[in-house]
Amino acid sequence: MVEKTPILDTLTYIFLIVGILIVGFPIIYAVIATTLPIEDVSRVPMPLIPGDQFLVNMKTAWTEGDLGIHLLNSFIMATGITLGKIIVSLFGAFSIVYFDYRLRTVAFVSVFCTLMLPVEVRILPTYEMAANLLGPFQGLWDLLHLDGVASWIAGHDIEVTLEWSLLDSYTGLIMPLVASATCTFLFRQFFLTIPEELCEAAKMDGASAMTFFRKILLPLSKTNIAALVVIEFVYGWNQYLWPLLITTNPKMMTAVIGLQNLIPAADDLPYWNVALGGALIVMLPPILVVLFMQRWFVKGLVEREK
Amino acid sequence: MKVRKIVVLCAVAVAVIFLSGQVMAEPVTINWWHAMKGARGKVVDTMIKAFNDSQSEYVVVGTYKGNYDETVNAGVAAYRARKQPHILQSFEVGTQTMMLSGAIYPVYKLMKDEGYNIDWKGYLQPVLSYYMNANGDLMSMPFNSSTPVMYYNVDLFKKAGLPMLDKETPITWDELGEITAKLLKSGVPGGMVTGWQSWTQVENYSAIHNIPFASKANGYEGLDCELLINNPKVVNHIAMLKDWFDDKRFVYGGQKYQGPKAEFIAQNVGVYIDSLSAIAKLKAGVKDFKWDVAPLPVESWMKNPQNSIIGGASLWVFKGHDKKDYKGVAAFLKHLSKPEMQIYWHKQTGYFPITLAAYEQLKKEGYYDEQPYQEVGVKQLTRRDPTIISRGLRLGYFIQIRNIINEELELVWNGKKTPQEAMDSAAARSNKQLREFEKTYQ
Amino acid sequence: MIKRSVFTSRTLPYLLILPQIVVTLTFFYWPAVQGLMQSVMRSDPFGGHSKFIWFDNFITLFTDPLYMKSIGITLLFSASVAAVSISLGLFIATMANRALKAKAVVRMMLIWPYAVAPAISGILWLFLLHPSYGVVSYAIRNWLHIDWNPVLWGSDAIFMVIMASAWKEISYNFVFFIAGMQAIPKSLIEAASIDGASPFRRFWTITLPLLSPTLFFVTVMNIIYSFFETFGVIHTMTQGGPGGATNILVYKVYQDGFIGLNLGASSSQSVVLMTLIIIITVLQFKYVEKKVQYTG
């Protein structure tokens, strides 16, 4: 800041420290829990002095929860969702903001409505869709008795089953979650703040829409893209209900699901030390993404300073 | 010359591959979706492996699909998408829904069709009766069945000058009232705590005292049944618990996340009512005091208490697979009911062995002499033949009903409703659910 | 929408928006339509017995006093979570923006809870606050002598889930506010302070208005978050209890549909839920967006 405000500065730092402590306490506590053996962690209240079982518990968590392959699946899923959503919505928001066509408002509203019904609430019908992508076509096919037509053409009985299953596949994990408009909304908001002069200037220079997109919009959007990479990666990584339904094969499960295998339910032994250890491992990649990318927004922003 | 050699080698290779393909036919995969995770999941895996290793025609693949709700839901969703597994583990409260679904292949029929002549009398009747239809035919195979028992802290009892409890003859609720009062006097912060309050304090209470839980023989005989839990006896019991709550003889520990168990382990209470599957957890989690098991208390006016009812889950077989698959399914179910498997399952998890053969063998081995507390549950379950109202419950939307009962009980504990109001409300709300369910299947 | 300069092209805009539309139609609208159809039917979970029953499901819902109570709880819960996390997020972002020296470190320490899954957040907080074995709960009961028992008292339970939900969301808001604040040209701030404006005045007259697009975005997202994504928190901590005190609408949909397998009831609840959030968002767009300043 520009002037000297020592009192305000000290208060600022105090508030920040308090804030950081409150925010960090649950994690510190969890870390301590992972260092204790089961008798100590089940004790009430749990002792606040760390024990020596950290590596043991971590190792148990890794092997019991089969975390290796689950982490890989989560990574693929989260990356897929991130790339999918960002690319699709960059194009989508560009189309909505920078073109004037009849269906523009309809397109925006229909895309925006997807924010209203998150996947948890439409899960059964979405599952049926993913289990057989061609399902509705099968219905149509049967309705129109096209089996009969095909048989007539071929000269003998034909029964056609249209089936394209996305179960137990990365596509199935990723695609249904790309159908949500968070990124489009954000890009739309952002594009609306870009000064008209830039667009006018580009048009006057004879630039095509895509050139404007590539050379001006994209670089300006770097910060937002960075922020969205973080948001969507975290969103994809932390999905629970959807991956649980769509994957049967234990080798396709994601880390957050694998973690549930470790969390003690009402009927289990209270292995909180192992469970929290697993939780820490599963939490780590998105946290790392967040921490790594946050420096990038700053960089992007410094360049933006006009 | 060289070319010829290569061609011959290739031909031989192709022949070998082709022939071996014929000789070693691909084993048929049988999918089993279950809700057993962690330690129990490992036991399940061992039992599956034993089957797979014992023959080469079928390979059973067990998949953990989440907790009970999630597993059933996965099964339902899969069935609708025509991708159902062969076997689905469904908890006991889902029995009515599974039975009426039209999607299942009843176990008794499966075993008969596959040529197995099973003597169902050789099974523990109270366990089978929960999963039979009105004619006494078994619809699903019981897998993990437990019953509630009462755990108590031996050290705290000794300190309060209380005698040890008998493992077969239950004490009365009045006696429990005195015991908890003495515990409090000797310095323990609370008397008793209970888990699964609907199951232990309402369902089992009704069964043991031969009180109907719902009309139409607890729902077995018709979808037009109604809940009868707002009867004077049950309301009195809840009122008694509320009195105890007020003077700390009864502590409410919540429903999930081991609240009740944690209170017991922390020695904040001296008595803990819960499923007998808690034995394994107590064995691992309790290091600093001795504990023991006794049957649930009984009212003093009930001279010959009935059996308790089971909780847990059973295995349902889905329709829609190839005939040759079902041969494997039947063989697998038979394998699970073998005495060695039953004994292994019981020893590892505490769930009941479902066959009398297994039970007798365990007795002969002296297992119960070493660990008498393991037998408390079985004895309580089999102490009398079940009557038509103590054999179990067969209600639609039972999960919602249990939640309703839980909610209403919580409102009693925190003083917002009287026991009569709560039970009336629970019955009324549950009846609405039952009517919805009934209309669906008309 | 606001009038702006645009490109003219016949086919390009359609091509650009095509991928989004295709995915949305396939994985959102088609299942949503099916969900709507379910809401006017009474069906068994396996699909064998389905009957069209007009609006019976909705009538049942609206004549159920507990459903109306759940709507009330949801509105209270969302407003509280949004209010707490937006104000605290803004406050902490402002503080962090001032802390020149330790900026990067401070940001790092405050950003990460956002990356934690709601269900995991619920578990962490439960582990701290459970009356039987939580250390914070122990402290509250033994040092502050308050009968803290979220397993028994509805109000304690609501407080607990608000905390666990807001904890994560503060971090999310912080990210956006900080990015927004750093996009404000320093020159503006400098000019204002040269003119004699105090830090507080600068905040209210410059920072906040320029932050308004972000604030708008964040408010909409927070409300949507607290309506839906807090499901994980409720599921792991209270399962709607005690006595139904934390039974928010989205959890009820899950309970009835997923656990209870009553598809008609849960689909009709989804429809009500969706309508509610659409109304709230449309209202926000209509009345609040007007006040938002876009050009900067």
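This is a predicted model: local features need pLDDT of at least 70, side-chain atom pairs count only at pLDDT 80 or more; totals for chains, interfaces and linings use all residues.

Colleague: Let's start with chains A and C. How many residues of each are in contact?

Modeller: On the chain C side 78 residues take part, touching 80 residues of chain A.

Colleague: Which helix gives the most to the chain C side?

Modeller: Helix 1 of chain C, residues 12-39, gives the most, with 17 residues. By class, that side of chain C has 59 nonpolar, 14 polar and five charged residues.

Colleague: And at what angle do helix 1 of chain A and helix 4 of chain C pack?

Modeller: About 30°, with the axes 9 Å apart. Helix 1 of chain A is therefore roughly parallel to helix 4 of chain C, since angles under 35 degrees count that way.

Colleague: Is that crossing left-handed or right-handed?

Modeller: The crossing of those two helices is left-handed.

Colleague: Which residues make the contact?

Modeller: Helix 1 of chain A brings Leu16(A), Gly19(A), Ile20(A), Val23(A) and Gly24(A), while helix 4 of chain C brings Val106(C), Met109(C) and Leu110(C). Six of the contact residues are nonpolar, two are polar and none is charged.

Colleague: OK, switching to chain B. What does the domain assignment give?

Modeller: Domain 1 is 10-146 + 311-382, and domain 2 is 148-308 + 396-440. Their C-alpha centres lie 30 Å apart. The contact takes 19 residues from domain 1 and 23 residues from domain 2.

Colleague: Which elements give two or more residues on the domain 1 side?

Modeller: Helix 4 (95-100) and helix 18 (373-382) of chain B. Helix 18 gives the most there, with eight residues. That side of domain 1 divides into eight nonpolar, 10 polar and one charged.

Colleague: What does helix 18 of chain B touch in the sheet?

Modeller: First, the sheet: five strands of chain B form an open, mixed sheet in the order 7-6-8-5-9. Strands 7 (250-251) and 9 (291-294) are at the edges with a single partner strand each, so one side of each has no neighbour in the sheet. Helix 18 of chain B packs on this sheet, touching strand 5 (148-153) and strand 9, and its direction makes about 15° with that of strand 9.

Colleague: How many bridges join strand 6 to strand 8 of chain B?

Modeller: Four, between residues 190-194 and residues 269-275, and the two strands run parallel. Thr194(B) stands opposite Ile273(B) of strand 8.

Conventions:
Residues are numbered from 1 along each chain as its sequence is written. Chains are lettered from A and ligands numbered from 1 in the order in which they are written. Axes are lines fitted to C-alpha atoms, for helices over the stretch in contact, and angles run from 0 to 180 degrees between N-to-C directions. Angles under 35 degrees count as roughly parallel, over 145 as roughly antiparallel, 65 to 115 as roughly perpendicular and the rest as oblique. A crossing is left-handed if the near helix is turned anticlockwise from the far one by less than a right angle, and right-handed if clockwise. Two residues are in contact if their C-beta atoms, placed from the backbone, lie within 7 Å. Ala, Val, Leu, Ile, Met, Phe, Trp, Tyr, Cys and Pro count as nonpolar, Asp, Glu, Lys and Arg as charged, and the others, Gly among them, as polar. Domain bounds come from an automatic or database domain assignment. Two strands pair if DSSP finds at least two bridges between them.
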